[in-house]
Amino acid sequence: MNKLIPIFFLFLLSGQQQQEKIIARQGRVAFFSYTSVENIKAENNQVLSIIDLSNDEIAVSMLMNAFVFEKALMREHFNESYVESDIYPKATFEGKIIDFDPAQDGEQTRMVKGTFSMHGVSKELEIKTKIEKVQGKYILSGTFEAFVKDYDIKVPPLLAGNIAKTISVDFRFEYQPYES
Amino acid sequence: MKAKELLLYLFLACGTNSMFAQDLLGILDEEQQAIPQYAEASFKFSRIAIGHSIETRKKGILDIFVANRFWNTPADRTQSFVADRLSTRIALEYGISDRFMMGFGGTTWDGLFDGFLKYKLIRQQKGNKGSPFTVTLFQNASYFSEAVSNPAVEDDLSDRLSFTSQLLIAKKLSPNFSLQISPTFIRRGMSYSEADPQNHFAIGFGGRYKLGGHVSFVSEYYYTTNPIESFDTYGPFALGVNWEIGDVMLQFMLTNAVNMVEDAFIAQTRNNFNFRNPNLNFGFNATYIIHFKRGLKNK
């Protein structure tokens with residue numbers, strides 16, 4: 001009997017986690033690089049994100065080649081020469097929303113802490129995120145800065161002036177209940 | 001004992017927690033499967049070195065393409081600066097849709113004016129699904145504008161036109177390495193000798209190896225199965241380096257082909273590839289790319 005308790009306990013725990021997932025299938029991630037030479041902007045409207053409301057865990061996954069640029073050739077350069085999306089097709093984020101209260105209506109600002117992986121490099125990030133709950137639907141949005149250098153992305157010296165050292169990243173995810 | 005057990009449960013619970021975090025990304029992975037992924041940029045440019053690659057320009061992109069060949073005459077001493085001879089082809093090439101492009105150009109040395117259409121028929125997909133190759137159809141027509149001094153040679157409009165049809169088949173074998181095979185049919189207009197066939201079959205081989213993010217090494221060779229009989233011809237061969245910097249693309253190459261239009265260099269290259277003048281040509285192509293279509297709706 002004593003041995004059954006923990007198994008039962010685990011079962012309960014995992015059973016509880018099965019439900020209450022929400023997913024965003026058309027999340028938007030955009031990034032900007034502003035320099036005096038050139039402004040580069042790219043947008044990805046097919047970013048996936050999922051939140052497990054039972055334990056506040058969040059995951060984000062995006063395909064690098066789904067970023068749309070102002071110029072078609074920039075997209076090719078981005079995938080082929082910078083992020084090498086043949087080798088590293090995805091960027092992912094995995095983390096936890098700190099002090100998240102799923103029940104609270106309206107707006108709340110929380111820190112999301114986790115690991116962001118891109119171009120084969122994983123970084124610990126803490127992102128200030130605005131969480132809105134409108135009519136039972138959750139919307140997450142925010143901005144953070146990423147350093148090109150951190151992700152082992154090589155910029156040729158000739159183009160160093162065209163690409164900013166810090167890239168500002170915008171995101172917005174609208175969630176729906178997830179049915180597996 | 002109790003405390004230890006409790007710790008164990010806690011540990012296990014934590015374990016399952018992290019397992020579920022994995023699962024979240026796992027769920028997203030499953031969601032992503034549905035989108036087909038195509039192999040992009042098997043080659044960076046619409047040419048490998050001398051011949052066409054499977055790549056077409058994306059919609060709304062105009063290439064201002066200037067190709068040059070420099071070579072020396074066999075004379076021991078000349079008074080030319082750097083190179084004795086120069087041929088330039090200036091062309092405008094435009095992407096009508098993401099898979100269809102056209103271009104027009106003129107060459108100074110051989111007086112050929114040419115136009116081409118290129119359509120990407122099948123796209124290589126990543127993974128095991130879909131087509132393992134990219135297939136592009138290519139058709140060009142060229143007009144020979146030079147005067148013909150021999151009155152025995154017919155030089156009506158129909159004689160001055162040549163046509164090249166190509167089936168370009170390529171595979172991006174790895175992120176760095178792409179190979180292409182190009183079966184070619186050439187209908188040559190001008191007939192200088194009865195012995196020469198006017199229809200030629202040829203096959204081209206080309207490859208690209210990426211040396212770095214922006215630099216790749218390319219090579220290309222064409223073999224003609226039924227070459228011209230009245231003078232010696234050789235298969236055009238090229239070794240080159242392609243370098244792209246933003247909106248500019250530069251190609252440097254060594255080749256034995258003087259001409260830059262398909263029917264001319266595939267079937268009518270008179271030099272072999274070696275270092276004796278005038279056989280070796282230094283080629284320099286520069287392309288400036290202008291985007292007429294903006295990708296993002298709201299700036």
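User: What makes up residues 37-174 of chain A, helix or strand?

Analyst: In this predicted model, the span is 57% strand and 8% helix. Its end C-alpha atoms lie 34 Å apart. UniProt, in an unreviewed entry, lists residues 37-174 of chain A as "domain: Lipid/polyisoprenoid-binding YceI-like".

User: Why are β2(A) and β4(A) called paired?

Analyst: Pairing requires at least two bridges between two strands. β2(A) and β4(A) are joined by two bridges, so they count as paired. They run antiparallel, and A:Glu43 has A:Val68 in β4(A) as its bridge partner.

User: How do you know that β1(A) and β2(A) pair?

Analyst: The cut-off is at least two bridges, and 11 bridges join these antiparallel strands, so they pair. A:Tyr34 stands opposite A:Asn39 in β2(A). The two strands form a hairpin with four residues between them.

User: What makes β3(A) a partner of β2(A)?

Analyst: Five bridges join the two strands, and at least two are needed, so they pair. The strands run antiparallel; A:Leu48 is bridged to A:Ser61 in β3(A). They form a hairpin with four residues between them, and A:Asp56 in the turn has a positive phi of about 65°.

Methods
Residues are numbered from 1 along each chain as its sequence is written. Chains are lettered from A and ligands numbered from 1 in the order in which they are written. This is a predicted model: local features need pLDDT of at least 70, side-chain atom pairs count only at pLDDT 80 or more; totals for chains, interfaces and linings use all residues. UniProt positions are given in the numbering used here, feature names are shortened, and annotations may be inferred rather than shown by experiment.
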